Amino acid sequence: MAAPPRATRAVGRAGDRPRIALLQGLAGSVLLLAGSVGVGWIANGSPMIRQPLVIAMRTDGTGVLVSTALLVVGAMVLLRSWLRLGQRLAGWGTGSLREVVLAVVLWGAPLVLAVPIYSRDVYAYTGQGRLMSEGLNPYNTGISALSNWFMLGADPSWAENRTPYGPLFLWLAQGVVAVTGAQPDFSVLLFRLLACVGVALCVIYVPRLSALHGIGGARALWLVAANPLFLISFIASAHNDALMVGLAVAGTYYAAVRRPLLGIVLVTASIAVKPITIVLLPFIGLLWAGHAAGWGRKFLCWAATAVVSGGLLVLAGLPHGLGLGWTWALTDGTPGYTGYSPSGFGGQMVELAVNAVGLDGGTAADIFRTALTLASIAAACWLVLFGDPKRVVRRLGLAFAAVVLLAPIIQPWYVLWFLPFLAATGIRNNWQVKLMYVVVGFFVVFGAQDQVFVWNFVELPVSARALAFGVALAAVVYLLLVDVHTRKLLLHRPVRSSPK
């Protein structure tokens with residue numbers, strides 16, 4: 001007599017084995033770890049750069065090129081593993097959430113030990129912690145005021161800039177420096193652990209927030225936390241955005257389950273890490289008011305939300321005389337633009353077109369970018385005031401996306417700010433998920449070839465960036481045209497299914 005089918009088979013479709021994708025992703029993360037030693041960002045003051053193996057990998061041409069290849073191949077293997085895990089768990093049945101959480105843990109663990117890649121912002125965090133420890137105000141003083149600041153590993157182009165971060169993160173940075181004595185490698189590890197707190201909050205609260213909207217938590221978490229851009233940006237790069245996003249998601253969840261004060265406290269903590277999440281506060285007020293609230297109750301809850309949050313932020317700025325110095329980041333943004341943002345690219349096209357007719361293209365481009373910024377603010381305000389009262393979190397996600405995507409500067413990890421809210425309220429298995437594949441893939445490829453560190457005295461038969469671009473391009477062609485599994489994701493018409 002045949003044994004009954006096991007319940008664990010419900011993790012995906014018949015015959016699928018998610019553990020294969022899990023192990024392949026782990027291999028990709030290990031390759032990223034290995035490659036990071038040769039072409040990742042190591043601070044000048046780190047004792048690592050005096051280790052024989054590290055010296056060989058960073059100063060010998062062969063070592064540099066092998067490290068570059070390992071880094072890019074690892075990133076692309078991780079990308080493919082994420083895509084394949086989604087295919088293998090396509091049924092999103094019983095046990096699938098466990099598999100996704102396991103993927104985040106397995107794929108993220110090697111990155112905790114990696115040399116910072118894709119960004120070196122984490123070294124600036126150490127500098128800001130030192131400023132706090134030495135009694136200097138990071139809202140007025142750049143890290144160039146510190147003795148031997150260049151040994152910290154921070155990007156020199158930011159050395160004289162004031163910090164855009166909130167008071168809570170500055171206190172955390174000071175705490176890290178107090179523990180590590182500003183030793184670069186130990187400081188990076190502690191900042192990574194802080195980022196992992198944000199990752200853990202996402203792992204816990206994205207499925208819970210999804211359940212409130214009738215969306216399967218496993219698929220939502222796979223979209224949010226298992227994707228390689230999330231893992232690389234929030235763990236390997238140790239961006240404080242991880243903590244900001246985790247606190248914001250947790251706060252939104254508690255506001256949505258009628259615990260508004262806890263929600264406000266958590267979202268305010270998110271603002272005190274990085275102020276951009278102030279965009280969420282009006283929606284937290286709406287969740288407090290409830291979907292049946294009239295305008296009177298809405299304004300009352302908005303006012304109460306502003307008073308509670310504003311009061312907490314004022315209190316956070318009292319010690320050390322920080323005040324409300326963080327508000328500059330909202331009112332006086334970083335100049336310039338990124339060429340791949342809609343604002344940046346569109347402005348370039350406007351400039352070319354206007355110059356072609358003999359007018360001032362630069363001014364026209366500035367007007368275009370300003371118009372998009374104002375349009376994003378208008379869209380966010382509209383979504384606060386109007387829309388389905390039962391879809392407040394969806395409106396929150398769309399407003400956050402508008403503010404991010406219409407800004408002149410978009411860093412690769414910025415798309416992770418609003419992704420949890422859209423995933424928790426439903427990203428459909430059509431053009432929506434295809435667009436996400438493209439965006440995640442683009443930024444993984446972009447970072448792999450854009451953020452490769454090579455000493456300028458190292459002689460190479462081919463540029464490391466050219467090698468990185470070539471390997472990444474070959475991998476993309478393979479995924480799109482050759483791989484019998486992944487090529488279906490973009491080029492084939494998807495089967496109709498629920499976003500659950």
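This is a predicted model: local features need pLDDT of at least 70, side-chain atom pairs count only at pLDDT 80 or more; totals for chains, interfaces and linings use all residues.
**Surface patch and aromatic contacts**

Leu491 is exposed, its relative accessible area being 53%, which is over the 50% cut-off. Leu491 belongs to helix α21 (residues 487–491) and takes part in a nonpolar surface patch together with Phe469, Leu473, Val477, Tyr478, Leu480, Leu481 and Val482. The accessible area of the patch totals about 730 Å². Helix α20 (residues 464–482) supplies the largest share of the patch, with seven residues.

Across the whole structure, 28 aromatic pairs were found. In one of them, Trp82 and Tyr437, the ring centres lie 5.9 Å apart and the planes meet at 80°, so the pair is classed as edge-to-face. Distant parts of the chain are linked by this pair, as Trp82 is located in helix α3 (residues 61–88) and Tyr437 in helix α19 (residues 431–450), with a separation of 355 residues. Trp82 is buried, at 0% relative accessibility. Tyr437 has a relative accessible area of 13% and therefore also counts as buried, the cut-off being under 20%.

A stacked geometry is found for the aromatic pair of Tyr414 and Trp417, with 4.2 Å centre to centre and 25° between the planes. Both Tyr414 and Trp417 are buried. One aromatic cluster is formed by Trp41, Phe453, Trp455 and Phe457.

Charged side chains were also located over aromatic rings. Lys298 sits over the face of Trp295, 4.4 Å from the ring centre. For Arg369, which lies over the face of Tyr337, the distance from the ring centre is 3.8 Å.

Technical notes:
Residues are numbered from 1 along each chain as its sequence is written. Side-chain values use heavy atoms; hydrogens and water are left out. Patches are made of residues with over 30% relative accessible area and no salt bridge: like charges are joined within 9 Å, nonpolar side chains (Val, Leu, Ile, Met, Phe, Trp, Tyr) within 5 Å. Accessible areas come from the Shrake-Rupley method with a 1.4 Å probe; for residues, only the protein chains shown count as cover. A salt bridge is a side-chain nitrogen of Lys or Arg within 4 Å of a carboxyl oxygen of Asp or Glu. Helices (H or I, at least four residues) and strands (E, at least two) are DSSP runs, numbered from the N terminus. Buried means under 20% relative accessible area, exposed over 50%, partly exposed in between (1.4 Å probe, protein chains only). Rings of Phe, Tyr and Trp (its six-membered ring) pair if their centres lie within 6.5 Å; planes under 30 degrees apart count as stacked, over 60 as edge-to-face and the rest as tilted. A charge sits over a ring if NZ of Lys or CZ of Arg is within 6 Å of the ring centre and within 35 degrees of the ring normal.
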